[in-house]
Amino acid sequence: MISSKITGTGTFIPSLKKANNDFLDFDFLNNDGSKFEATNTVIIEKFKGITGIEERRYAKQTYNTSDLAFFAAEKAIADAKVNPEELDYIIFAHNFGDVKPGAIQGDTLPSLATRVKAKLQIANPNCVAYDVLFGCPGWIEGVIQAQAFIKAGIAKKCLVIGAETLSRVVDKHDRDSMIYSDGAGACIVEETTEKDSGILSHASQTFAKEEANYLFFGGSYNPQNDRDVRYIKMHGRKIYEFAITHVPKAMKLALDKSGLQIDDVKKVFIHQANEKMDEAIIKRFYRLFKTPIPEGVMPMSIHKLGNSSVATVPTLLDLVLKGQIENQEVKKGDVVILASVGAGMNINAIVYKF
């Protein structure tokens with residue numbers, strides 16, 4: 001039976017560090033344009049306590065999202081030891097395209113996947129390149145699509161990328177801007193006939209009634225700014241409540257489809273959105289099985305890397321596989337869950353066996 005597995009991973013973590021203290025002189029405002037009563041020191045301390053973020057990474061001004069993606073893709077291709085000309089698909093998950101510093105538009109013409117193919121100098125016209133807009137779960141959804149192509153017999157090797165430069169679409173007067181960061185992660189998904197390994201099952205969901213606008217594009221909180229320039233905005237409390245309610249159920253759905261038990265799961269690689277939210281999701285997930293949470297089951301990178309949207313899960317996975325996160329490792333035969341939640345509102349999860 002044909003299945004698919006990840007044969008190589010790669011990341012690009014930008015070199016520019018933005019510590020919490022770098023926001024001390026920002027003019028944070030409420031959504032009505034009024035000033036906070038609390039000082040920035042208090043705001044930042046509360047922010048760290050909730051999100052766990054101490055610093056985040058920003059891309060150099062000379063790099064765009066597609067550049068970060070190219071760097072990560074090169075590493076994944078080298079790790080998998082594949083010939084780029086043999087790739088059947090390049091699937092690129094992002095949300096805002098290439099956003100040049102100071103620009104007010106995202107650039108997606110041509111698609112970012114096409115730009116990566118060009119940077120990789122792939123001549124094969126049968127290597128199909130396209131973008132995925134699925135919010136933060138975009139990279140996982142790209143892996144699910146790659147598996148579908150492979151199981152359908154129309155692909156053998158796919159490059160799946162998640163990359164973003166969120167630092168260029170944030171409102172500097174919105175304290176939520178401290179959450180976001182830049183980065184890229186990529187993997188090669190290949191056909192395999194190995195039994196009981198690779199992608200075992202998955203689940204994807206879209207909630208689009210009132211949830212559709214939990215994340216949206218909106219104007220600056222500073223009423224003096226250009227009202228036609230839009231920034232990433234969110235209803236944080238609603239997202240938190242949505243995520244802790246629905247993500248555990250989607251993860252359980254994927255695990256139930258695999259036929260495995262909760263005790264088989266060694267790691268959960270979850271979207272690095274908010275430490276408190278991720279902890280609550282894991283707690284509720286294990287509560288569904290009436291099972292204690294194993295120590296060290298949830299690797300975290302948000303403390304130093306922030307929330308880079310589609311890049312968080314592939315980056316986290318690569319860092320653990322390469323032994324770059326302390327006290328975290330994945331061994332042959334380990335079962336892991338990859339899960340994410342984001343704009344849409346979309347949720348997905350993959351059960352994977354190494």
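How many helices and strands are there in the protein? There are 8 helices and 13 strands, where helices (H or I, at least four residues) and strands (E, at least two) are DSSP runs numbered from the N terminus. The radius of gyration is 20 Å, close to the 20 Å that the globule rule gives for 354 residues, so the protein is as compact as a globular protein of that length. That radius is taken over C-alpha atoms, and the globule rule is 2.2 Å times the number of residues to the power 0.38.

Before we look around, two notes on reading the model. This is a predicted model, in which local features need pLDDT of at least 70 and side-chain atom pairs count only at pLDDT 80 or more, while totals for chains, interfaces and linings use all residues. Residues are numbered from 1 along each chain as its sequence is written, and side-chain values use heavy atoms, with hydrogens and water left out.

## The overall picture

Along the principal axes, the C-alpha atoms fill a box of roughly 60 × 50 × 40 Å. Of the 354 residues, 57% are buried; buried means under 20% relative accessible area, exposed means over 50%, and partly exposed is in between (1.4 Å probe, protein chains only). The protein exposes about 15700 Å², and carbon and sulfur atoms supply 49% of that area. Accessible areas come from the Shrake-Rupley method with a 1.4 Å probe, and for residues only the protein chains shown count as cover.

Contacts tell us about the fold too. Take the contacts (heavy atoms within 4.5 Å) between residues at least 6 apart in sequence: 77% of them join residues at least 24 apart.

## Pockets and a cavity

Now for the spaces. On a 1 Å grid over the protein atoms alone, a cavity is a set of points where a 1.4 Å probe fits but cannot get out, and a pocket is an open set with protein on both sides within 12 Å along at least five of seven lines; lining residues have an atom within 4 Å of a point. Grid points are joined across faces, edges and corners, and a volume is the space filled by probe spheres set on the points.

The table puts the lining residues into classes: Ala, Val, Leu, Ile, Met, Phe, Trp, Tyr, Cys and Pro count as nonpolar, Asp, Glu, Lys and Arg as charged, and the others, Gly among them, as polar.

| Space | Volume | Lining residues by class |
|---|---|---|
| Largest pocket | about 1100 Å³ | 28 nonpolar, 13 polar, 6 charged |
| Second largest pocket | about 720 Å³ | 15 nonpolar, 8 polar, 8 charged |
| Largest cavity | about 80 Å³ | 5 nonpolar, 8 polar, 2 charged |

Which residues lie nearest the centre of the largest pocket? Of its 47 lining residues, they are Asp176, Ile179, Tyr180, Met234 and Gly236. Helix H1 (40–51), strand S9 (215–218), strand S10 (231–234), helix H5 (236–258), helix H6 (275–288) and strand S12 (335–342) each supply at least two residues of this lining. H1 gives the most, with 6 residues.

The second largest pocket is lined by 31 residues, and Gly102, Ser167, Arg168, Val169 and Val170 lie nearest its centre.

The structure holds 1 cavity of 30 Å³ or more. Among the 15 residues lining the largest cavity, Ile13, Asp182, Leu305, Ser308 and Thr315 are the closest to its centre. Strand S7 (182–192) and helix H8 (312–321) each supply at least two lining residues, and S7 gives the most, with 3 residues.

## A few loops to visit

Start with Gly219, in the loop between S9 and S10. Is Gly219 buried or exposed? With a relative accessible area of 15%, Gly219 is buried. Not counting residues up to four places away in sequence, Gly219 touches Asp171, Arg227, Val229, Arg230, Tyr231 and Lys233. Gly219 and Asp171 are 48 residues apart in sequence, and their C-alpha atoms are 8.1 Å apart in space.

Next come cis peptide bonds. One joins Leu109 and Pro110, with omega about 0 degrees; Pro110 is in the loop between strand S4 (89–93) and helix H3 (112–119). Another joins Gly344 and Met345, with omega about -10 degrees, and Met345 sits in the loop between S12 and strand S13 (346–353).

Finally, look at two lysines. Lys81, in the loop between helix H2 (65–80) and S4, has a positive phi of about 60 degrees although it is not a glycine. Lys81 counts as exposed, at 72% relative accessibility. Lys290, in the loop between H6 and helix H7 (302–305), has a positive phi near 55 degrees. Lys290 is exposed too, at 80% relative accessibility.
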